[in-house]
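Thanks for coming, everyone. I'll keep this brief. Please have a look at the model on the screen.

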Amino acid sequence: MISITVTALVFGVIFLAELPDKTALAGLVLGTRYRASYVFAGVAAAFLLHVVLAVAAGSVLTLLPQQIVHAVTGVLFLGGAAVLLLKKGEDEEEIRKPADQSFWKVAGTGFMLILVAEFGDLTQIMTANLAARYDDPLSVGLGAVLGLWAVAGLGIVGGKALMKRVPLRLITQIAALLMLALGVWSLYEAVAG
């Protein structure tokens, strides 16, 4: 059964953590060059693969004693918050234009770009942490996929408008505060448990 609470929490954390990331900018660039639906199909498939891998890794952590899991996820959440607060603005990456604009060429370009750029990325690590923290792989996976897809959709369709209205630094700070709170709570549970 899917937990709406866990799904919503994971969605919020992953959405805010991914929004200032380089892949949102890559989606924006791809979306300005190619048919949005083709770009989204490739990007969405890559994010789905990343979430499956992250949830599987996080689910393995649930085999450890709860206090150790809480301590490890707490430290990793605090590390994620620090990375967000200390990271500098990232430049747009060079994106090669496919020779033709067919579905498979465009979707393949989006898929490969995200597959490589997101491997071991902060949101993939946070998804694994959340899967370990909540021991609810379906809810965590759904929340993470929806969060990543929402950012990809925003980046592809309306990224420029959003970035003009909401400062990127504010989005980053909100994501960092959420991760900080989750880290402190996880460490508290490790000590209190």
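First, the ground rules. This is a predicted model, so local features need pLDDT of at least 70, side-chain atom pairs count only at pLDDT 80 or more, and totals for chains, interfaces and linings use all residues. Residues are numbered from 1 along each chain as its sequence is written, and side-chain values use heavy atoms, with hydrogens and water left out.

Now the rings. The structure holds 5 aromatic pairs. Rings of Phe, Tyr and Trp (its six-membered ring) pair if their centres lie within 6.5 Å; planes under 30 degrees apart are stacked, over 60 edge-to-face, the rest tilted. Take Y38 and F103. Their centres are 5.2 Å apart and their planes at 85°, so this pair is edge-to-face. Y38 lies in helix α3 (residues 36-61) and F103 in helix α5 (residues 103-118), so the pair ties together parts 65 residues apart in sequence. Helices here are DSSP runs of H or I, at least four residues, numbered from the N terminus.

F103 also pairs with W104. Centres 4.9 Å apart, planes at 80°: edge-to-face.

Buried or exposed? Buried is under 20% relative accessible area, exposed over 50%, partly exposed in between (1.4 Å probe, protein chains only). F103, at 29%, is partly exposed. W104, at 71%, is exposed.

Next, the charge. The charged end of R133 sits over the ring of Y134, 5.2 Å from its centre. That takes NZ of Lys or CZ of Arg within 6 Å of the ring centre and within 35 degrees of the ring normal.

Last, D135. This residue is in the loop between α6 (122-134) and α7 (137-165). D135 has a positive phi of about 45°, although it is not a glycine. At 48%, D135 is partly exposed.

Technical notes
Helix = DSSP H or I, 4+ residues; strand = E, 2+ residues; numbered from the N terminus.
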